[in-house]
Amino acid sequence: MVFLALLGSAGCPRTEPLSRSSQDPLFHGADRYDFAIILAAGTMECFWQFAHQNGNFFFNYEVQRATGIGNNRHILVTASDPSGFQLGASQHVRGQINFLTKEKGFYQLCLDNQQTHFGFMQVYLNFGVYYEAFDTDKQPEERKELNDTLEAIGVSTQKLQLHIFHMWRFYNFARMRKASDSFLLESNYNYVNWWSMAQSCAIVLSGVLQLYFLKRLFNVQ
């Protein structure tokens, strides 16, 4: 699922899981997401991702653009388990947090932009969970009934799906870098244009002033 979520300072949707009774089934959602959000100055946004035990959790992010004084693109990112214990933290322009899920539940991912007070950040996120175990839920009796060829084909298919998934991750990472480079080129292009225009105006004004003062030197009453 690929989408661009533009979250303003007002009217932001709540991203935490809904509190429901133990009898109602939890909404697990998808296993992986990739999207971009707008993080306002001085705010923090959190997301929750459901994961089973013994899963491989990945969380990649990159600040694609930033506004404000200094254009500081560093952001604080943290990941916590369902018990609230912090599993990893990163405070860079881009980074990743990977860990094994030791318990079943919702894992919390937070982005903190409280160090910036005069601008917003656009952050691209790519997170989710995948499982490398093959045929772990089948009973020994069921395994005996399966044909060896069909079982081998099934295992090979699951391995192929896992390889395709990793290719999808690398593709998203490349797309994330491409978008950041595009914003950087656009920013440099605008900077060069405005700076060139300012220099051109300064040169023209300097020439006009020089002509004016030279004319006054040779002015005869």
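**Overall fold, disulfide and aromatic contacts**

The accessible surface of the chain amounts to about 15,100 Å², and carbon and sulfur atoms account for 59% of it. The model is predicted. Of the 221 residues in the chain, 30% are buried. Two helices and nine strands were assigned, and their order along the sequence is β-β-β-β-β-β-β-β-β-α-α. When contacts between residues at least 6 apart in sequence are considered, 78% of them join residues at least 24 apart.

One disulfide was found in the structure. A disulfide is a covalent bond between the sulfur atoms of two cysteines. The bond is formed by Cys46 and Cys110, with 2.1 Å between their sulfur atoms. The link of Cys46 and Cys110 is right-handed, with 105 degrees about the S-S bond. Cys46 belongs to strand β3 (residues 44–51) and Cys110 to strand β8 (residues 105–112), so the pair ties together parts that lie 64 residues apart in sequence. Both Cys46 and Cys110 are buried.

The largest nonpolar core contains 25 residues, and those touching the most other members are Phe57, Phe59, Ile75, Leu111, Val123, Leu125 and Phe127. Two or more residues of this core come from each of the strands β2 (32–39), β3, β4 (55–66), β5 (75–80), β7 (94–101), β8 and β9 (121–130). For Ile75, leaving aside residues up to four places away in sequence, the residues touched are Leu39, Tyr61, Val63, Ser90, Gln91, His92, Leu111, Asp112, Met121 and Val123.

Aromatic pairs number 12 in the structure. One of them joins Phe58 and Tyr130 in a tilted arrangement, with 6.2 Å centre to centre and 45 degrees between the planes. This pair links distant parts of the chain, Phe58 being in strand β4 and Tyr130 in strand β9, 72 residues apart. Phe58 has a relative accessibility of 1% and therefore counts as buried. Tyr130 is also buried, its relative accessible area being 13%. Another pair is made by Tyr212 and Phe213, whose ring centres are 5.4 Å apart; their planes stand at 70 degrees, so this pair is edge-to-face. Tyr212 is partly exposed, at a relative accessible area of 46%, and Phe213 is likewise partly exposed, at 48%. Ring pairs also connect Tyr33, Phe35, Phe47, Phe59, Tyr61 and Phe127 into a cluster. Of these, Phe59 and Phe127 are also among the core residues that touch the most other members.

Methods. Residues numbered from 1 in each chain as written. Predicted model: local features only at pLDDT ≥ 70, side-chain atom pairs only at ≥ 80, totals over all residues. Heavy atoms only, no water. Helix = DSSP H or I, 4+ residues; strand = E, 2+ residues; numbered from the N terminus. Buried < 20%, exposed > 50% of the residue type's maximum accessible area, 1.4 Å probe, protein only. Contact = heavy atoms within 4.5 Å. Areas by Shrake-Rupley, 256 points an atom, 1.4 Å probe, with all protein chains shown as cover. Disulfide = S-S within 2.5 Å. Core = buried A, V, L, I, M, F, W, Y, C linked by side-chain atoms within 4.5 Å. Phe/Tyr/Trp six-rings, centres within 6.5 Å; stacked < 30°, edge-to-face > 60°.
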